[in-house]
Structure formats: structure tokens, C-alpha cells
Amino acid sequence: LKEKMQWYRWILLVLTLLGVYGLSYSSEININNFLLGVLGAILCAFGWGIEAVILAKCMEDSDVNDEVALQIRQTTSAFIYGVVLLNVMDAWPFTVTLFHNSGLLVHTIALAGLCATVSYLFYYKAIAQIGASKAMALNVSYAAWAVVFTVLIFGDTSVLNMNTIICSVIVLVCSILVAAD
């Protein structure tokens, strides 16, 4: 994509990733298969990176805007989940019970879907406007935003300790500085 990042942006990106690591680290987690976890993390990073690179390349064409790209991605995803995965896992009966047992659950799922769609739309807009690498730096800031929203929306201050405050500030500030011109 020929995106050039200055040396200081690389340092800010590494600090952002260390902040995300600090937010997700827990000494209480019992790791049974470290290599499988690392392999999963590498596959996820590769998949997200490839997605961003393909999107950035496709959105260079003026005929493909970010909303169209998101619609293609979400339609493909819904098809794979709905037609392939739910059938392979024989999960349709369970899925149907989700919608019959609780009206509140349906509303919660719909709200989560709306929030995810808005989040993806902003992410795709960022890829189109500032490039894949800078958008990816902003994308990982969700870990810090989760802390902010937990406190602001749910009033749950139990998540606040020195580690989460410092790491959240590092993630938010560094990710914005990586993406900003």
C-alpha cells in the first residue's frame, strides 16, 4: 500500500500494543496450551491485517466506498454464519431458543449488533481515509474504550485500578497519535 510511517509512530504503535496487553493481562488466568493461544493470536492478527489491506486496496477505486465494502463484508459474514456454521454445528435449535425465551435478550442482541455495525462503519471509514496501518492502530483501542464505557454507562468503577487507568490512557493517547497527521 506504500503507506509510510515515521519512526516515532512505530514507537507509539508498540506502546499502544503494550497498553492493550496490560489491559488484557491477568495473573488469575490458567494457561493450558500457550502455543495454541499464540497461534490463534497470530492467525487473528493476520486475518485482521489482511482484511484491512484488501479493503484499503479495494477502496482506492472510487466506485467502492466504505459503506458498500461494509455491506459486502457483513452480508458475506451473515451468509457464512447463518448457512454454513450454524448448520455444521447444528446450532439452529439453540439460536431459535434465544429469540423465544426472552424479549430483553433480543433487544440486547439487537443493540449489540447496532453498536458493532456503527463501530465497523467507523473502522472502514478510517481505512478509506487514513489508510490500513493507521486505522488498525485505532481499531485496537477498543480495549481502552471498554473500560471507559464500563465506568460511564454502567457506573462500574470496580474495573478502575492503577493498571487499567495507566494502560487505558496509554492506549487511547498513543493510538490517536499514531493515526493523527
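Predicted model: local features only at pLDDT ≥ 70, side-chain atom pairs only at ≥ 80, totals over all residues.
The secondary structure of the protein chain amounts to 8 helices and 0 strands, so that, by the DSSP runs on which the assignment rests, the order of elements from the N terminus reads α-α-α-α-α-α-α-α. The C-alpha trace spans about 55 × 50 × 35 Å along its principal axes, and 25% of the 181 residues count as buried. Among contacts with a sequence separation of 6 or more, 78% are accounted for by residues 24 or more positions apart.

Helix H2, comprising residues 34–58, has 25 residues, and the distance from its first C-alpha to its last is 36 Å, close to the 36 Å expected at 1.5 Å a residue. Tryptophan 48 is placed in this helix and counts as partly exposed because its relative accessibility is 45%, a value that lies between the limits of 20% and 50%. Leaving aside residues up to four places away in sequence, tryptophan 48 touches Tyr123 and Met136. Its C-alpha lies 17 Å from that of alanine 78, a residue 30 positions away in sequence.

Helix H5 has 28 residues and reaches 40 Å between its first and last C-alpha atoms, close to the 40 Å expected at 1.5 Å a residue. Its buried residues are Tyr123, Tyr124, Ala126 and Ile127, and these pack against H2, H3 and H6. An α-helix has 3.6 residues a turn, so residues three or four places apart point the same way. Tyr123, Ala126 and Ile127 also take part, together with Ile130, in the contact of H5 with H6, where they meet Ala132, Lys134, Ala135, Met136, Leu138 and Asn139. Just after H5, glycine 131 adopts a positive phi of about 100°.

Helix H1 presents a further set of buried positions. The end C-alpha atoms of H1 are 26 Å apart, in agreement with the 26 Å that its 18 residues should span at 1.5 Å a residue. Arg9, Leu12, Leu13, Thr16, Gly19, Val20, Gly22 and Leu23 are the buried residues of this helix, and what covers them includes H6, helix H7 (142–154) and helix H8 (162–179). Arginine 9, found in H1 (residues 7–24), is classed as buried because its relative accessible area is 4%, which is under the 20% limit. The side chain of arginine 9 reaches the backbone oxygen of valine 178 at 2.6 Å. Apart from residues up to four places away in sequence, arginine 9 touches Lys134, Leu177, Val178, Ala179, Ala180 and Asp181; Lys134 is also one of the H6 residues met by H5.

Two aspartates are located in loops. Aspartate 61, in the loop between H2 and H3, is partly exposed because its relative accessible area is 39%. Its side chain reaches the backbone nitrogen of aspartate 63 at 3.0 Å, whereas the C-alpha atoms of aspartate 61 and tyrosine 25, which are 36 residues apart along the chain, are separated by 40 Å. Aspartate 90 is found in the loop between H3 and helix H4 (92–101) and counts as exposed because its relative accessibility is 60%, a value over the 50% limit. Most residues other than glycine have a negative phi. Aspartate 90, by contrast, has a phi near 50°, a positive value in a residue other than glycine.

Definitions and conventions:
Residues numbered from 1 in each chain as written. Heavy atoms only, no water. Contact = heavy atoms within 4.5 Å. Helix = DSSP H or I, 4+ residues; strand = E, 2+ residues; numbered from the N terminus. Expected span 1.5 Å × (residues − 1). Buried < 20%, exposed > 50% of the residue type's maximum accessible area, 1.4 Å probe, protein only. Polar contact = N/O pair within 3.5 Å; in protein donor to acceptor, adjacent residues only side chain to side chain.
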